[in-house]
Every structure is written in structure tokens, then in C-alpha cells.
Amino acid sequence: MENRLIVYRERQAVFSAEFRDRTLWELGVCGKEEAVVPGSLYVARVENIIPGIRAAFVRVTGEAENWYLPLEKATRPVVSRTHADGRLRCGDELLVQVEREAGKKKTVTAVADFSLTGCYFVILHGKQGVHHSSKIQNKDFLQGIVPLVRARMEQNAPYGVMVRTNAEGADETVLLRELDFLLETYQNLKKLALCRPAGTRLRKGLPAYLCTLRDSYHQSYDELVTDDEELFSEMQAYLRELRPELLSKLRKYEGTCPLKALYRMQSHVSELLSERVWLRSGAYLVIQQTEAMAVIDVNTGKATEQGRRSDGIFRCNLEAAREIARQLRLRNLSGIILVDFIDMKSEEENRALLAELAQLVEEDRVETRVIDMTRLHLVELTRTKIRKPLAEQLRALSWQPEGRKP
């Protein structure tokens, strides 16, 4: 399988597109200067505490609205002044991290139990101990790495360390170098937070294209390509410091045809804004985003011959499940998702379909769960919301296919 990441600039946005065997697998978009980036760390002031919803609203100077802070994610806040009962008070200044961007009718969601994510580890403030990704199955690796991590942590530290899937198989020297870097960064941020005024941004979250580089598995890319000199320099600097094993894969594209045209990106993005998605069998999906949830309907369409046989319907649904998992990633649909597959009478086939869908969404970097199939044969999923849906991001950038009049 050939994996390639292309990064290009269009108007005031940077697009990053991951291709696997020439099929678009994942798409990231970020404005040139986004106001609030998920993962960013700020010093904020508590403006209001509402016990009934177990939440506080915090103020960041320069922001139009107060941010929402659930108290369940503020178990051990880094505050300028502490109280005997450990509770927050109005007027307290504390370190918060942007968890979710603002939505249509919702403000930014922040957390005080912040995290620092690296390629191989995550520092988790407020969650003590050493944890590891459930995808790591190598017990020998865990038995070796966990004691090494514990040896570098303070006793009774107010933080924990998560060992990421990427760490399995990585060189021990590389792992410990990153861990030391993250722990040092963590301590420095805590110290800074206590002496900076409210509204100060202590650390900016990574843009989408650098997050992709950070989160990629070992040798997961055959090539990293950009046609922009500034982006090339940024990616080169990031890889040199944190992912040196990928540095040799980075290439500056010098062709006469623009990179986005070479990979038909205008066409790909336009298709992701369409409600209808055709499948090879002739069946199709209808994807609609409502105020409360995303709804996906599977239709037999032109696959009429298959649609009359039970085995044909099952194959159509399996094909639809593969495309649905892909569309969730590409369109960045989140929250509650309902899927209406073509009805099947066999309970065994229904269970097989759910199992296949659950396995497919495991490849998503964003946590996605298949909940169940209702009595009306609607499949329920949830996907964690971090960034806005693709369509909403593109609307904010006034994006439209080239050649189309506004």
C-alpha cells in the first residue's frame, strides 16, 4: 500500500490530504491564522460557576464570549491561588486548554485537566499513573517501557503518562528523549501559568497538517509532499526536532502543474460537500447534517439486481459501511450519527454488519464508537467532536470550486 501526504495552500487556508493507494483517506483544513486552535493553552479567569450543571464559565481576554469549563474536567486545576477545599472560586486564574472549537450556537469548550501530546506519549494532568493504548498488544514491550516511564515521573505527581500506539517498536532512546521533553515542557507551563495574566496564550495547538505528522505510525508514509516553500520549512523543522525518521520522506514539489490540480483536490473537496455519494455497486449514500445529529441513508439505487437478493443486500451494506467510515473521517462528522442501512431480515447478517463497521471505525484517529442497532434497524454511532465539520470550516473560509462564480 502506497501512502502519501500532500500539503498545499489555497487562499487563506492550508489543506492536508492523506492518500492511501491513490484513494483520499483523510483531509485536514486550517485557516492561516485561526483564532482558537484545539490543544492551545491559556491563562483564564473564572467568571461564573453554575453548580446545577457542574460547570464554570471562564474569560480569556480578547475573546468575545466566555468559555465553557465542565468541573469534572477540572479535578486538579493549576490556579494562581489555592483554597483549602480545593474548589474553584470566581476570580481565580487558572490554566485551561481548548478541547473543542466553538460551534454554531456553542462557545469554546475548555478543560483544566490538560494534556500534552507527543508522537509516542501523552502527559495527562489530573490523571495519575502510567496508562497505555488498548491497541498495544505486545506485553513484553509494555513490561519494558512502563518501568522506564515510572522512573522518570515524580512520586505522587499530579499527572500521568499515556503510552501511545506509535511507541510500540520505536527505539528506546527516541522514546525517552520525547518523554523527557514533554515532562520538561509540562513543568515549564505550570510555572508560567502562575505568573502570567489572564488572557495569555502559553502554547498554541498544532495545525492540522502537523498533527497528522505527529500522529502517524512508523513508516506510515512513503512520501510527504508540499509545493509551498513556507510550509516545507515548517514541516522540515518539525520533523527534524520530533520525527527525524520521517525527514527523508519530505519532498518539495517543483512541477509545473499545481499540486492540488495534480491530485484533483478541487474535485475531491466538491464531492465531500455533496449530500449524495455513489458506490461502485450502483448503490448510494445520502448524508445530511441536522442541528442535533448527522443522518446517513443507504439506498440500493442502480444496484437493483443485487438489491433483490438477501446476499446482494448484505454486500451492498458492507460496501456502504466501508464508505461511511471513510466519509466520517473526511467530512469530520461528529456527535450522534444515525445510519439507515438497507433492511436485512437475518440477525446473523445484522451482527456481522455491526462488527464490520466497528472494525472499520477503529482506524479513525478520532474516537468513534458503534453503539447498537435500534429496533427500527437504525445503527447508532458517536464520534468525538474536536474540530468543526468540513463543510462548516469551508463556509468560514468562503471556499468554492475554482471557476464557479460566487
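This is a predicted model: local features need pLDDT of at least 70, side-chain atom pairs count only at pLDDT 80 or more; totals for chains, interfaces and linings use all residues.
Helix α3 spans residues 208–215. Burial extends over this helix: eight of its eight residues are buried, and α3 is mostly covered. The buried set consists of Ala208, Tyr209, Leu210, Cys211, Thr212, Leu213, Arg214 and Asp215. The buried residues of α3 pack against the strands β1 (3–10), β2 (13–20), β3 (23–31), β9 and β14 (223–226). They also pack against helix α4.

The partner helix α4 covers residues 229–242. The axes of α3 and α4 lie 11 Å apart, and the helices pack at an angle of about 30°. An angle under 35 degrees counts as roughly parallel. The pair α3 and α4 is therefore roughly parallel. Their crossing is right-handed. On the α3 side, the contact is made by Tyr209, Leu210, Leu213 and Arg214. On the α4 side, Leu231, Glu234, Met235, Tyr238 and Leu239 take part. By class, the residues of this contact are seven nonpolar, two charged and no polar. In general, an α-helix has 3.6 residues a turn, so residues three or four places apart point the same way.

The crossing of α1 and α2 is right-handed. Helix α1 contributes Phe141, Ile145, Leu148, Val149 and Arg152 to the contact. Helix α2 contributes Glu172, Leu175, Leu176, Leu179, Asp180 and Leu183. The contact of α1 with α2 holds eight nonpolar and three charged residues, with no polar ones.

Cys119 lies in a loop, between β9 (115–117) and β10 (121–125). Its relative accessibility is 1%, so Cys119 counts as buried. Leaving out residues up to four places away in sequence, Cys119 touches Arg164, Asn166, Glu178, Arg214, Tyr238, Leu242 and Arg243. Gln236 is 117 residues from Cys119 along the chain, and their C-alpha atoms are separated by 16 Å.

Arg326 belongs to helix α8 (residues 310–331). Arg326 has 17% relative accessibility and therefore counts as buried, the cut-off being under 20%. Its side chain makes a polar contact with the side chain of Glu323, at 2.7 Å. Apart from neighbours within four places in sequence, Arg326 is in contact with Thr23 and Leu24.

Leu394 sits in helix α10 (residues 390–396). With a relative accessible area of 2%, Leu394 is buried. Neighbours within four places in sequence aside, Leu394 is in contact with Phe15, Val29, Val269, Leu273 and Trp399. Leu41 is 353 residues away from Leu394 along the chain, and 25 Å separates their C-alpha atoms.

Definitions and conventions. Residues are numbered from 1 along each chain as its sequence is written. Side-chain values use heavy atoms; hydrogens and water are left out. Axes are lines fitted to C-alpha atoms, for helices over the stretch in contact, and angles run from 0 to 180 degrees between N-to-C directions. Helices (H or I, at least four residues) and strands (E, at least two) are DSSP runs, numbered from the N terminus. Angles under 35 degrees count as roughly parallel, over 145 as roughly antiparallel, 65 to 115 as roughly perpendicular and the rest as oblique. A crossing is left-handed if the near helix is turned anticlockwise from the far one by less than a right angle, and right-handed if clockwise. Contact means heavy atoms within 4.5 Å. Ala, Val, Leu, Ile, Met, Phe, Trp, Tyr, Cys and Pro count as nonpolar, Asp, Glu, Lys and Arg as charged, and the others, Gly among them, as polar. Buried means under 20% relative accessible area, exposed over 50%, partly exposed in between (1.4 Å probe, protein chains only). A polar contact is a pair of N or O atoms within 3.5 Å; within protein, one must be able to donate a hydrogen and the other to accept it, and residues adjacent in sequence count only if both atoms are side-chain atoms.
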